[in-house]
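Subject: Handover of a structure, with notes on its sheet, pockets and cavities

Dear colleague,

I am passing the structure below on to you, and my notes on what was found in it follow. Please read them with the coordinates open beside you.

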Amino acid sequence: MPEQFVIERIKTSDQMITAIKDMHLRGAPLLGLAGAYGTFLAFRESFSKPEPEEYYETKINQLRNCRPTAVNLSWGVSKIDSLVKAGLELARILAGVKSLERNEIEACKNIGGNGFALIRDISNIVGRRPVNIMTHCNAGWLAAINYGTASAPVFIARDENIDVHVWVSETRPLNQGGKLTAWEYFNENISHTVISDNSCGHLLKNGMVDIVITGADRIAKNGDTANKIGTYLKALAAKDNNVPFYIAAPMSTIDFSIKSGKDIKIEERDENEMKYMNGVPIIYELSPVLNHAFDITPAELITGIITDRGIYKPGELLRLNL
Ligand code: MRU
């Protein structure tokens, strides 16, 4: 994408591993479901292997470790692995995967409803002009099936005839914003403008943004949040200009096993993602590059976390761990 929209059929756990590593699919909630489906495939394949248990364990470990930052991936693997370990038959395991999928779609819809209330309140204040929303990366239906997370409130606002406009930041180096979010919004008839990542502070300072909403890859118990590299800078600029900064994510993105963002592993990706665009060098090829795919936004910069259960201040998340 965006040149072509291709549906790829994934039939084996190895194909799933490649699809995750090479980012044929990406985005935290979708990675969770990919982990779940991949685990089902690995279990099914194991029946024809000489050492089924060894085969299965190797594959699910490979799946878990394909991408380290989004907790949803290992969450999806663990959910289905627990059904395997409980001795359920294949058909019931597949039913378990489908039920996870339905729950995640429902969760995104609820995030949309909860986040919509924020947009509606701003719209009541700003009156006739559109509500200006800034987002980063892609947290729409390509990343989370049907509604997305950060995009879900925008889709619902559109359905409710609230006038919205979205600033979509390009999201270098892989351009998920410029390629994927822009494609989604264009096709969904949502007013939007693509901006370079570097212009976000400028727009925030000049009163051009009413609210920032981004997705998340992992949220620690204290509310520190990992999301696509560049999110932290938006949160800093939002704080400096008194613009509310929200994270939208399903419960599956909250990692109650870690205290703070310090415990989140940041994925480092291949330098070629930065060096080349469609095979053409765009920076000096002999220079070393550092390609961190995510950053951590500290809880104190986050106004609220829009979940499927409601909107919480980062410090309130602990309440949800029941
Ligand atoms: O590297 P990516 O494209 O998988 O990163 C995705 C993001 O950072 C998204 O904002 C996040 O996963 C939320 S997706 C609903």
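A pocket, as the word is used here, is an open set of grid points with protein on both sides within 12 Å along at least five of seven lines, and a volume is the space filled by probe spheres set on the points. Please bear in mind throughout that this is a predicted model.

The largest pocket has, on that basis, a volume of about 1,600 Å³. Its lining comprises 39 residues, and those nearest the centre are Val6, Met23, His24, Leu25 and Arg26. By class, the lining of the largest pocket consists of 23 nonpolar, six polar and 10 charged residues. Helix 2, helix 5 (90-126), helix 6, helix 8 (176-187) and strand 9 (276-277) each contribute at least two residues to this lining, with helix 2 giving the largest share, six residues. Domain 1 (13-102) and domain 2 (112-320) are both represented, each with at least three residues in the lining of the largest pocket.

The second largest pocket has a volume of about 200 Å³, and its lining is made up of His136, Arg172, Asp197, Asn198, Cys200, Gly201, Ile229, Gly230, Leu233 and Lys234. Helix 9 (200-205) and helix 10 (231-240) are the elements that give two or more residues to the lining of the second largest pocket, which divides into three nonpolar, four polar and three charged residues.

The largest cavity contains about 190 Å³ of space, and of the 23 residues lining it, Arg26, Gly27, Ala28, Asn138 and Asp217 are the closest to its centre. At least two lining residues come from each of helix 2 (28-46), helix 6 (141-144) and strand 6 (225-228), and the classes represented in the lining of the largest cavity are 12 nonpolar, seven polar and four charged. Because domain 1 and domain 2 both give residues to this lining, the largest cavity lies between them. The second largest cavity holds about 60 Å³, and among its 14 lining residues Pro173, Leu174, Gln176, Lys228 and Ala293 lie nearest the centre.

As for the sheet, seven strands form an open arrangement in the order 3-2-1-4-7-12-13, with mixed pairing. Strand 3 (192-195) and strand 13 (311-312) stand at the edges with a single partner strand each, so one side of each has no neighbour in the sheet. Strand 4 (residues 211-214) pairs with strand 1 (residues 131-136) in the parallel sense over two bridges, where Val212 is the bridge partner of Met134. Strand 4 also runs parallel to strand 7 (residues 245-248), joined to that strand by three bridges, and here Ile247 is the bridge partner of Thr214. Within strand 4, Ile211 and Ile213 point one way while Val212 and Thr214 point the other, and all of these residues are buried.

For Cys66, the nearest cysteine sulfur is that of Cys137, 18 Å away, and Cys66 is buried, with a relative accessible area of 9%. The sulfur of Cys108 is 15 Å from its closest counterpart, again in Cys137, which is too far for a bond, and Cys108 is buried at a relative accessible area of 0%.

With best wishes

Notes
Residues numbered from 1 in each chain as written. Predicted model: local features only at pLDDT ≥ 70, side-chain atom pairs only at ≥ 80, totals over all residues. Heavy atoms only, no water. Buried < 20%, exposed > 50% of the residue type's maximum accessible area, 1.4 Å probe, protein only. Helix = DSSP H or I, 4+ residues; strand = E, 2+ residues; numbered from the N terminus. Pairing = 2+ DSSP bridges. Disulfide = S-S within 2.5 Å. 1 Å grid on protein atoms, 1.4 Å probe; cavity = no way out; pocket = protein on both sides within 12 Å on 5 of 7 lines; lining within 4 Å. Nonpolar A, V, L, I, M, F, W, Y, C, P; charged D, E, K, R; others polar. Domains from an automatic or database assignment.
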